[in-house]
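Please work through the exercises below with the sequence and the 3D structure open beside you. Try each task before reading its solution.

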Amino acid sequence: MANNDESRGLKSLFDWFANRRKNGTISIERPEREIADGLWHKCPKCGVLTYTKDLKANQMVCSECGHHNRVDSDERIRQLIDSNTWTAMDEHLRPTDPLGFRDRKAYKDRLRETQEKIGLIDAVKTGLGEINGLPIALGVMDFRFMGGSMGSVVGEKLTRLIEQATQRHYPVVIVCTSGGARMQEGMLSLMQMAKISAALDRHQQARLLYIPVLTNPTTGGVTASFAMLGDIILAEPKATIGFAGRRVIEQTLREKLPDDFQTAEDLLKHGFVDEIVPRTQLKNTLAQLIALHQPPAATTSSNGNVLLWEGKMSLTSAES
Ligand SMILES: [Zn+2]
């Protein structure tokens with residue numbers, strides 16, 4: 001009798017879950033838990049509970065399995081830049097809606113809602129600061145803002161950052177995370193790829209360093225432009241990096257792709273990435289690379305503009 005009741009109970013509970021799933025009231029894939037409003041954080045990879053404070057102290061990397069939880073742009077800047085050295089750039093640039101675009105929602109409403117919800121104006125923060133005492137121009141993309149998509153503001157802010165760095169003879173570091181170009185801005189969004197790439201080319205012509213850091217996920221137009229144009233390309237462990245999505249490629253090739261396809265590790269194996277650096281070592285690694293690539297002492301004009309560094313000047317005079 002008791003057994004019957006039990007099996008009946010189990011069956012009805014099962015039905016109940018099945019119904020809820022069918023009705024869509026339970027989402028099977030749960031989003032990564034926000035950590036701001038909880039003392040504990042459950043690792044989405046290994047399930048271990050960590051005290052939020054400890055997780056933050058470990059830069060949001062699970063101490064049990066090494067899973068790199070997503071971090072927002074402010075947190076990333078705190079992790080990388082020496083305290084009290086950050087000066088933000090171009091914070092006044094705001095996105096517009098040149099096409100009057102509408103999908104399920106009008107683009108301008110989507111923008112306003114996202115801005116209100118997360119307190120960012122667009123998907124990238126840029127600025128100048130120091131990393132272990134070395135000057136650097138840093139751009140950090142933020143996935144929370146429409147999937148880190150690259151619209152006109154992202155392109156313009158990154159271009160101005162790179163141009164400022166070229167002028168000052170600073171190295172550029174861009175922490176990438178993006179779903180790709182922002183389709184709501186159409187062609188204007190795609191143009192950003194060329195604009196940023198051109199600025200990076202001028203930076204390279206001045207023999208200055210550029211290091212992109214590819215974090216989870218870096219895809220689409222960002223991969224097809226500045227994420228892959230680095231002198232040295234770094235990636236975070238297990239980051240998804242690719243152009244088109246896995247499903248699209250599988251359907252086109254009619255072939256099953258290997259499990260580690262489009263991971264940082266696979267890209268390293270094939271030479272697309274130079275090194276995989278755990279987040280807890282990222283600041284020191286970047287500082288070391290920048291220190292190794294410092295140009296010789298720069299010559300500064302009276303108005304503060306760097307003219308030419310001495311190495312290049314002597315080369316020029318030797319040629320002439
Ligand atoms: Zn874990």
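The exercises that follow concern a predicted model, and each task is followed by a worked solution.

**Exercise 1.** Determine how helix H5 and helix H6 are oriented to each other, and which kinds of residue make up their contact.

*Solution.* Begin with the geometry: H5, residues 152-168, and H6, residues 186-205, pack at an angle of about 5 degrees, and their axes are 9 Å apart. Angles under 35 degrees count as roughly parallel, and the two helices H5 and H6 are therefore roughly parallel to each other. Next, list the residues that meet, which include Leu-158, Ile-162 and Glu-163 on the H5 side and Ile-196, Ala-199 and Arg-202 on the H6 side. Finally, sort the residues of this contact by class, which gives 8 nonpolar, 7 polar and 3 charged.

**Exercise 2.** Find the largest nonpolar core and follow the contacts of Leu-158.

*Solution.* The largest nonpolar core has 49 residues, and Leu-158 is among those with the most contacts inside it, as are Val-172, Val-173 and Cys-176. H5 gives the most to this core, namely 6 residues. Leaving aside residues up to four places away in sequence, Leu-158 touches Val-124, Thr-126, Gly-139, Ile-174, Ile-196 and Phe-226.

**Exercise 3.** Describe the order of the strands in the open sheet and identify its edges.

*Solution.* The 7 strands follow the order S3-S4-S5-S6-S7-S8-S9, with mixed pairing. The edge strands, S3 (87-88) and S9 (275-276), each pair on one side only. S3 pairs with S4 (residues 124-131) in the antiparallel sense over 2 bridges, and Ala-88 stands opposite Gly-127 in S4.

Conventions:
Residues are numbered from 1 along each chain as its sequence is written. This is a predicted model: local features need pLDDT of at least 70, side-chain atom pairs count only at pLDDT 80 or more; totals for chains, interfaces and linings use all residues. Axes are lines fitted to C-alpha atoms, for helices over the stretch in contact, and angles run from 0 to 180 degrees between N-to-C directions. Helices (H or I, at least four residues) and strands (E, at least two) are DSSP runs, numbered from the N terminus. Angles under 35 degrees count as roughly parallel, over 145 as roughly antiparallel, 65 to 115 as roughly perpendicular and the rest as oblique. Two residues are in contact if their C-beta atoms, placed from the backbone, lie within 7 Å. Ala, Val, Leu, Ile, Met, Phe, Trp, Tyr, Cys and Pro count as nonpolar, Asp, Glu, Lys and Arg as charged, and the others, Gly among them, as polar. A nonpolar core is a set of buried Ala, Val, Leu, Ile, Met, Phe, Trp, Tyr and Cys residues joined through C-beta atoms within 7 Å. A residue is buried if 20 or more other C-beta atoms lie within 10 Å of its own, exposed if 12 or fewer, and partly exposed in between; C-beta atoms are placed from the backbone. Two strands pair if DSSP finds at least two bridges between them.
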